[in-house]
Amino acid sequence: MNEVLRIAVQKSGRLSEDSLNLFKECGIKFDNGAGKLKATSSNFPAEFLFLRDDDIPGYVEDGVADIGIVGQNVHVETSKHVNEVKLLGFSKCRLSIAIPRSETYGSVKELEGKSIATSYPVILGNFLKDNGVTAHIHEISGSVEIAPSIGLAHAVCDIVSSGGTLLSNGLKEVEVIFRSEAIMIGYPNLSPEKQNILNQILFRIDSVQRAKNRKYVVLNTKQENIALIRQLLPGMKAPSILPLADEGWVSMHSVIEEQDFWQNIEKLRDAGAEGILVLPIEKMIF
Ligand code: ATP
Ligand code: MG
């Protein structure tokens, strides 16, 4: 029987779109139409399960799913026995403690004896323990920010991105206790066949990610400027240099880190670069 890798992704939420795009950019086709709970790829040995993010680590631990994508916050909070396969760089957020805006805050010691509402009792518990603080953790599953105003808790510990939700609930952020991004987790005992499929996916992800930070640059210049321009584009190790129809002019082509390019754009023009084209790269295979 041909093995298929079962991939668990969030059904709908802040991880969904980037998770699905990751596989689509790797050329893995599947239909994730609304309401679907499962989809089989038409061109790659993979099957997708669309789940609540909280359930994904458990499914991966049990081997019901072979790999899954969750936030590090959920991975650490659920503490399941799974492999950390790869950090993915999207869905970045932080887990913070917030208190009513009217209160003053000096240090974490002020949380001693207070009650803190959170959906992350494990991560919060670790933080308090590391800081030698004893507080009452009040676990609730949602709408955490409302807890102080209804008298349920003194403080909250929740996911923050912009801080807008905290502000509108009269709270201020006082401690960042955990920083999170999306992570691919995996079943620790994959069969060699499944591990092989996973390796193919990881190879493709690397190729896509490498390409994202780099650009293909084409520019024209006079022959005598070549050396100077190479110095200004440190990533340009071995540019292709093609003669132009005009005598003494060349076209230089290379792949560079996008950041290097923007830092040096003015200097490049001063050095005699003209007609500069910056093109996206879809994949980079080494
Ligand atoms: P589900 O219905 O699947 O249980 P959820 O409501 O628990 O979804 P979401 O709000 O969709 O979860 O967030 C999923 C993950 O995305 C979070 O666990 C966190 O890692 C990350 N995340 C949360 N808020 C943000 C944000 N504002 N910006 C970026 N990433 C975030
Ligand atoms: Mg959830």
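**Metal site and sheets**

User: What does Asp-54 count as, given its relative accessibility?

Analyst: Asp-54 comes out at 41% relative accessibility. Quick caveat: this is a predicted model, where local features need pLDDT of at least 70 and side-chain atom pairs pLDDT 80 or more, while totals for chains, interfaces and linings use all residues. Residues count from 1 along each chain as its sequence is written, chains are lettered from A and ligands numbered from 1 in the order written, and side-chain values use heavy atoms, without hydrogens or water. Buried is under 20% relative accessible area, exposed over 50% and anything between partly exposed (1.4 Å probe, protein chains only), so Asp-54 is partly exposed.

User: Which protein donors does the magnesium ion (ligand 2) have?

Analyst: Donors are N, O and S atoms within 2.8 Å of the metal (3.2 Å for Na, K and Ca), and sites may look incomplete without water. Here they lie 2.1 Å from the ion. One of them, Asp-53, is buried at 16%. The donors are the OD atoms of Asp-53 and Asp-54.

User: Which residue stands opposite Ala-8 in E4?

Analyst: Strand E1 (residues 5–10) has 5 of its 6 residues buried. E1 runs parallel to E4 (residues 67–71), joined by 2 bridges. Opposite Ala-8 stands Gly-68.

Methods: Helix = DSSP H or I, 4+ residues; strand = E, 2+ residues; numbered from the N terminus. Pairing = 2+ DSSP bridges.
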